[in-house]
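Subject: Structure handover

Hello,

Here is the structure I promised to pass on. Please open it alongside this note; what I found follows below.

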Amino acid sequence: MKNMSQYFDVTPKIFVEEIKPMAQPAVLKGVISSWPSVQLGPDGLLDHLCAISSGLPIPHFVCDPVHRGRFFYEPGYTSFNYRKELTPITEFAARLRAEAALSSPSALFAGSLTLAGYFPGFARSHDITPFIPASQFLQSIWIGNRTMTAPHYDNVENIACVVAGRRQFTLFPIDQLPNLYMGPLDLTPAGQPISLVDIRAPDFERFPRYREAQAHGLTAILEPGDAIYIPTLWWHGVESLDSVNVMVNTWWRDVPAYFGSPMTALLSGLLTLRDLPKDQRAAWKVVFDNLVFETNGPAFDHLPDTARGAFGPLTRSSAAHLREMLLQTLA
């Protein structure tokens, strides 16, 4: 495991023009240290969140102490080792404080709460949008105590800002997917498949290829005021190290909103390609390599623009047409 690259005195211009084009994870040291919430400290921040809450009850997960904060599956991978609860933010904050006094606390985790829905006004006083090279993005807040989120990947770009408590991030490039032992695709903790390896104490007898993933992994501990850039499809596991942890992240995509999700292609591939006879799969791989990934260069330069149809550049109009075609084939 190697230490992640760290950058100091990062401005939006430096991030957009120098750091992001490298498509590598990066720690942006102290980049949000001036945020009012960072200055409040954990207790003051909980009070502040209670004061500015929209009043919506907070959905969160509770994991018993025996699991040591690891939100995961029960044996057999058909159910989870935690339960979902819904309480006002004041009760959630009170329980965080109560659990902090226990020697074996339950793990509490409220994740991906939209700032606009749950804490309106927070984003206005904690602005990171100059760093976001997109007109559409989603800002979320994560609140909890000592927890472990299993490695997973997202189909978006991400800047995660540590507001209170320390967090340890462990990242792996997407080419380590075979060595991370992905769990079920259709039963996931939060929508994305996770690694079955406990990266805090890996079982190399069950998961021997994880040694190779470790050799390519990156790690960093972020303090309050730090942020991390996580490029799309980088596996990332996150361990919250203190009794109160708050993080704010911003997700965005580098393409227009009318682009479909690549997950659609993956699900379609499972439906139509994976279980074909071997020779047919090999033939379709040639089709995809040439027409989608264009491994031999642009596939339709021999056609005039007006004749390329679905194989032309993706526009809002052609995206709508492709969706109609896809719906017809599924029907």
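Is Glu157 buried or exposed? Glu157 is buried, because its relative accessible area is 5%, and the cut-off for buried is under 20%. Please keep in mind throughout that this is a predicted model.

**Around Glu157**

Glu157 sits in strand S10. Its side chain has two polar partners to look at. One is the side chain of Lys20, in a polar contact at 3.3 Å. The other is the backbone nitrogen of Thr232, which the Glu157 side chain reaches at 2.7 Å. Leaving out residues up to four places away in sequence, Glu157 touches Lys20, Tyr229, Ile230, Pro231, Thr232, Thr250, Trp251, Trp252 and Asp254.

**The sheet**

S10 belongs to an open sheet of nine strands. The order is S2-S3-S13-S10-S15-S8-S7-S4-S6, with mixed pairing. Strand S2 (6–8) and strand S6 (82–87) are the edges; each of them pairs on one side only. On average, neighbouring strands are turned by 25° against each other, direction ignored.

Now the individual pairs. S10 and S13 run antiparallel and are joined by four bridges. Ala160 has Ile228 as its bridge partner in S13. On the other pairing of S13, strand S3 (residues 26–29) meets strand S13 (residues 227–230) in the antiparallel sense, over three bridges. There, Val27 stands opposite Ile228.

S13 is covered on both faces. Ala227 and Tyr229 are buried on one side. Ile228 and Ile230 are buried on the other.

Further along the order, S7 and S8 form an antiparallel pair over four bridges. Phe109 stands opposite Gly144 in S8. Strand S4 (residues 58–63) pairs with strand S7 (residues 107–114), again antiparallel, over three bridges. Cys63 has Ala107 as its bridge partner in S7.

**Helices on the sheet**

Helix H1 (residues 12–19) lies across S2, S3, strand S10 (157–164), S13 and S15. H1 runs at about 165° to S3. Helix H2 (residues 36–52) also packs on the sheet, where it touches strand S8 (137–144), S10 and S15. The direction of H2 makes about 85° with that of S10.

**Nonpolar cores**

The largest nonpolar core has 40 residues. Which of them touch the most other members? They are Phe15, Phe119, Ile141, Ile143 and Ile159. Another core, of 21 residues, lies apart from it; among them are Cys63, Leu218, Trp234 and Met247.

Not counting residues up to four places away in sequence, Ile141 touches Leu49, Ala110, Gly111, Ser112, Leu113, Leu115, Phe119, Val246, Met247 and Val248.

**A buried loop aspartate**

Asp242 lies in the loop between strand S14 (235–240) and strand S15 (245–252). Is Asp242 buried or exposed? Asp242 counts as buried, because its relative accessibility is 19% and the cut-off is under 20%. Its side chain reaches the backbone nitrogen of Arg166 at 2.8 Å. Beyond its neighbours within four places in sequence, Asp242 is in contact with Asn145, Arg146, Gly165 and Arg166.

**The annotated span**

The unreviewed UniProt entry carries the annotation "domain: JmjC" for residues 108–267. In the model, that span is 13% helix and 36% strand. Its end C-alpha atoms lie 32 Å apart.

**Helix H8**

Asn290 lies in helix H8 (residues 278–291). Asn290 counts as partly exposed, because its relative accessibility is 25%; that class runs between the 20% and 50% cut-offs. The side chains of Asn290 and Asn296 make a polar contact at 2.7 Å. Asn290 also touches Thr295 and Ala299, among the residues beyond four places away in sequence.

How far apart in space are Asn290 and Leu40? Their C-alpha atoms are 55 Å apart, and the two residues are separated by 250 residues in sequence.

Best wishes

Technical notes: Residues numbered from 1 in each chain as written. Predicted model: local features only at pLDDT ≥ 70, side-chain atom pairs only at ≥ 80, totals over all residues. Heavy atoms only, no water. Helix = DSSP H or I, 4+ residues; strand = E, 2+ residues; numbered from the N terminus. Buried < 20%, exposed > 50% of the residue type's maximum accessible area, 1.4 Å probe, protein only. Polar contact = N/O pair within 3.5 Å; in protein donor to acceptor, adjacent residues only side chain to side chain. Contact = heavy atoms within 4.5 Å. UniProt positions renumbered as here; feature names shortened; annotations may be inferred. Core = buried A, V, L, I, M, F, W, Y, C linked by side-chain atoms within 4.5 Å. Pairing = 2+ DSSP bridges. Axes fitted to C-alpha atoms, helices over the stretch in contact; angles between N-to-C directions.
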